[in-house]
Amino acid sequence: AGADHPLYGGLQAVQAAHPEGVVFEVESDDGRYEWRVYVNGVEREIHTEKSTLEIVHTEDDDVPDGDDLREIDAVQVDFSEAFRAAEEHAGSTDGAFVEEAELDTEGGVVVWVLELDSEREVYVDVSSAEVIYTED
């Protein structure tokens, strides 16, 4: 079910527009997703419509700080792989869709922190796609 979720469509649009960029955060805001992409040395904010999956807004932000850059550099697992790992881990229960996600460091390990519709959080290792922690 996950693959036709608007999150995946939005991600595909963002990756198609910025194939060299690293997507490192997504927030859900009403009818849109707000993506943050590290591209060409700056942080770019991109909004996609949930209904059409189209990019409706793009703006460049500042250069990320050292911690953010370190986390971005550690990413080896594609965002969508992390989504799938979290959704598989949660099982096919209702609310197993990723709602928001960001990079963080937990115990020295860089992780994707994925917040599901069910408000459960799943932490996925950015180097192995392994689920290392969940919080209900």
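This is a predicted model: local features need pLDDT of at least 70, side-chain atom pairs count only at pLDDT 80 or more; totals for chains, interfaces and linings use all residues.
I started with a charge and a ring: the charged end of Lys50 sits over the ring of Tyr33, 4.6 Å from the ring centre.

Next I followed Tyr33 to its neighbours. Tyr33 belongs to one aromatic cluster, together with Tyr8, Trp35, Phe79, Phe83 and Trp112.

Then I looked up the aromatic pairs. How many are there by the ring-centre rule? I got 6 aromatic pairs.

I took Tyr8 and Phe83 from that list. Their ring centres are 5.7 Å apart and their planes stand at 90 degrees; planes over 60 degrees apart count as edge-to-face, so I logged this pair as edge-to-face. Where do the two sit in the chain? Tyr8 is in helix 1 (residues 6-17) and Phe83 in helix 3 (residues 79-90), so I noted a link between distant parts of the chain, 75 residues apart. Buried or exposed, these two? Both Tyr8 and Phe83 are buried.

I went on to Trp35 and Phe79, another edge-to-face pair, with 6.2 Å from centre to centre and 65 degrees between the planes. I found Trp35 in strand 2 (residues 32-39) and Phe79 in helix 3, so this pair ties together parts 44 residues apart in sequence.

Last, I checked burial for this pair. Trp35 has 0% relative accessibility and so counts as buried. Phe79 comes out at 2% relative accessibility, which also puts Phe79 among the buried residues, because the cut-off for buried is under 20%.

Technical notes
Residues are numbered from 1 along each chain as its sequence is written. Side-chain values use heavy atoms; hydrogens and water are left out. Rings of Phe, Tyr and Trp (its six-membered ring) pair if their centres lie within 6.5 Å; planes under 30 degrees apart count as stacked, over 60 as edge-to-face and the rest as tilted. Helices (H or I, at least four residues) and strands (E, at least two) are DSSP runs, numbered from the N terminus. Buried means under 20% relative accessible area, exposed over 50%, partly exposed in between (1.4 Å probe, protein chains only). A charge sits over a ring if NZ of Lys or CZ of Arg is within 6 Å of the ring centre and within 35 degrees of the ring normal.
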